[in-house]
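Reader: I'm new to this structure and would like a close look at a single part. Could you walk me through it?

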Amino acid sequence: MTPLPDGSRRRGPSRLWLLPALPALLLLGGLALFAGQSRARPEAPLATTDGIAVLTGGPQRVDAGLHLLAEGRARWLIISGAGRDATLEELAQRAGLDPAPLAGRVTMGRAATSTRGNGLEVAEWARARQIGSLRVVTAAFHMPRALLELRRTLPEVTLVAHPVQAAGPRPGLLLREYGKLIGAMLGLSVLKPEKPPS
C-alpha cells in the first residue's frame, strides 16, 4: 500500500476481478486438455481383453471393433446403440470380413440412444458374461464421456480405451462434446431420459 500525507495508506488495485475469471480460465484449460485428448490413438501393443464394446456413432467405430474381434483381441463384442435394422452380416461385409466366424460372439445392442444408455446397456451385457476387462471403441473426442459413464455402471471392470479418429476438423463438434462432458461430470446426464430405439 502507498503512504498518504496524513499517514494513512492507499490500497493497491483490487484483485477481486480474478474471482469471476478463475472459472473461465479453468474451463479454457480443460478445453485445451480435452482437445489434446481428441487426437489420442490406441496404445501399442494392443492388449487382449475379455470383451469389446463399440459405441455407435460412425462406421469407423464398428469396423474397428469387428476387426479387433476377428484378430482375437477379445472373445465377445457388443455394438451398443445399433440401428433397428442393422445386421451382423451387413456390418461385417462392409468391414471386409466374413460374418460366419463372428456369429454367436457379437451382440447387437439396440436399446441405447445416449452415452448414458450405452453405459447401462454394456453393463448388463458385461455382467451376464462375467467380463473383467473391456476394450471401449468410440471416437477419440467421445472417449472421455464414454469412459465416465461406463465407470459409473461398471466400476469393477477394467476399461481399455481404443479411440478411433474421425476425419476432418471439427471445432464445433469438440465444443459441443466438451459441454456434454462437463454436464455428465456434474451428473446431469441422468436428467435426460432414454428415448425408445427408432
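Reader: Which kind of contact do the side chains of arginine 152 and glutamate 149 make?

Author: They meet in a salt bridge, at 3.6 Å from N to O; that term means a side-chain nitrogen of Lys or Arg within 4 Å of a carboxyl oxygen of Asp or Glu. Before going on, note that this is a predicted model, where local features need pLDDT of at least 70, side-chain atom pairs count only at pLDDT 80 or more, and totals for chains, interfaces and linings use all residues. Residues are numbered from 1 along each chain as its sequence is written, and side-chain values use heavy atoms, leaving out hydrogens and water.

Back to our pair: arginine 152 and glutamate 149 sit three residues apart in helix H5 (residues 143–153), so about one helical turn separates them. (Helices are DSSP runs of H or I, at least four residues, numbered from the N terminus.) Glutamate 149 is buried, at 5% relative accessible area, while arginine 152 is partly exposed at 40%; buried means under 20%, exposed over 50%, and partly exposed in between, with a 1.4 Å probe and protein chains only.

Both residues also take part in a helix contact (heavy atoms within 4.5 Å): Pro144, Arg145, Leu148, Glu149 and Arg152 in H5 meet Glu177, Lys180, Leu181, Ala184 and Met185 in H6. H6 covers residues 171–185, and its axis lies 9 Å from that of H5, at an angle of about 20°. The two helices are therefore roughly parallel, a label for angles under 35 degrees.

Definitions and conventions:
Axes are lines fitted to C-alpha atoms, for helices over the stretch in contact, and angles run from 0 to 180 degrees between N-to-C directions. Angles under 35 degrees count as roughly parallel, over 145 as roughly antiparallel, 65 to 115 as roughly perpendicular and the rest as oblique.
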